[in-house]
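This briefing is intended to be read alongside the sequence and the coordinates. It is arranged by topic.

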Amino acid sequence: MASRNLILLGQVVPNIKRNACKVRIRRMDLDQNLLMYFKKEEFVFAHDPEKKCKVGDIVLVKELPQKLSTLITHSVDVVYPFGDVTCPVTGKKVVVGKYRDHVEEATQLYGKSEKAFDYTKAPPRGRQEGIQDFSHQE
């Protein structure tokens, strides 16, 4: 017997609904004939009046005690914003499987390349919002 999940982890996808974000939740579904697991995607709408979720964010989706509408059935909290990857155990920033601290130490030892990307000079996420990116507007 399947139990009802009250808390799920998902990724925000683009949508046009006001005061809500659309979240893709991936699950592994068991095929009884092959005895193999396959990806199954489920989409839910979560209440987000402050518009704190952006496309690509990893979010924690909680079921509301009472539905706000026929579509909006969950609330949402941002776990990891899209962009800079953070290790959940240590809290350090990660670049392709290595901590940024280790990468910076290696560049100091062997010398910095002219083509190397400098994370300290990189602009913050969302700097093009309202200039070239109008996806946050209705």
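Predicted model: local features only at pLDDT ≥ 70, side-chain atom pairs only at ≥ 80, totals over all residues.

Three strands make up an open sheet in the order 6-7-8, with antiparallel pairing. Strand 6 (85-86) and strand 8 (98-99) stand at its edges; each has a single partner strand, so one side of each lacks a neighbour in the sheet.

- Strand 6 pairs with strand 7 (residues 93-95) in the antiparallel sense, over 2 bridges.
- Thr 86 has Lys 93, in strand 7, as its bridge partner.
- In general, the strands of a sheet pair through backbone hydrogen bonds, in either a parallel or an antiparallel arrangement.

**Chain architecture**

- The protein chain contains 8 strands and 1 helix.
- Among contacts in the protein chain with a separation of 6 or more, 45% join residues 24 or more positions apart.

**Burial and surface**

- The protein chain has 138 residues, of which 18% count as buried.
- Its accessible surface comes to about 11,000 Å², and carbon and sulfur atoms contribute 55% of that area.
- A nonpolar patch on the surface is formed by Leu 9, Val 79 and Tyr 80, which together have about 240 Å² of accessible area.

**Cysteines**

- The count of disulfides comes to 0.
- Cys 21 takes part in no disulfide; the nearest cysteine sulfur, which is that of Cys 53, lies 4.1 Å away.
- A disulfide is a covalent bond between the sulfur atoms of two cysteines.
- Seen from Cys 53, the closest cysteine sulfur is that of Cys 21, and the distance of 4.1 Å is too far for a bond, because the sulfur atoms of a disulfide must be within 2.5 Å.
- Cys 21 is buried, with a relative accessible area of 4%.
- Cys 53 is also buried, with a relative accessible area of 12%; this value falls under the 20% cut-off for burial.

Key. Residues numbered from 1 in each chain as written. Heavy atoms only, no water. Helix = DSSP H or I, 4+ residues; strand = E, 2+ residues; numbered from the N terminus. Buried < 20%, exposed > 50% of the residue type's maximum accessible area, 1.4 Å probe, protein only. Contact = heavy atoms within 4.5 Å. Areas by Shrake-Rupley, 256 points an atom, 1.4 Å probe, with all protein chains shown as cover. Patch = residues over 30% accessible without salt bridge, like charges linked within 9 Å, V, L, I, M, F, W, Y side chains within 5 Å. Salt bridge = Lys/Arg side-chain N within 4 Å of Asp/Glu carboxyl O. Pairing = 2+ DSSP bridges.
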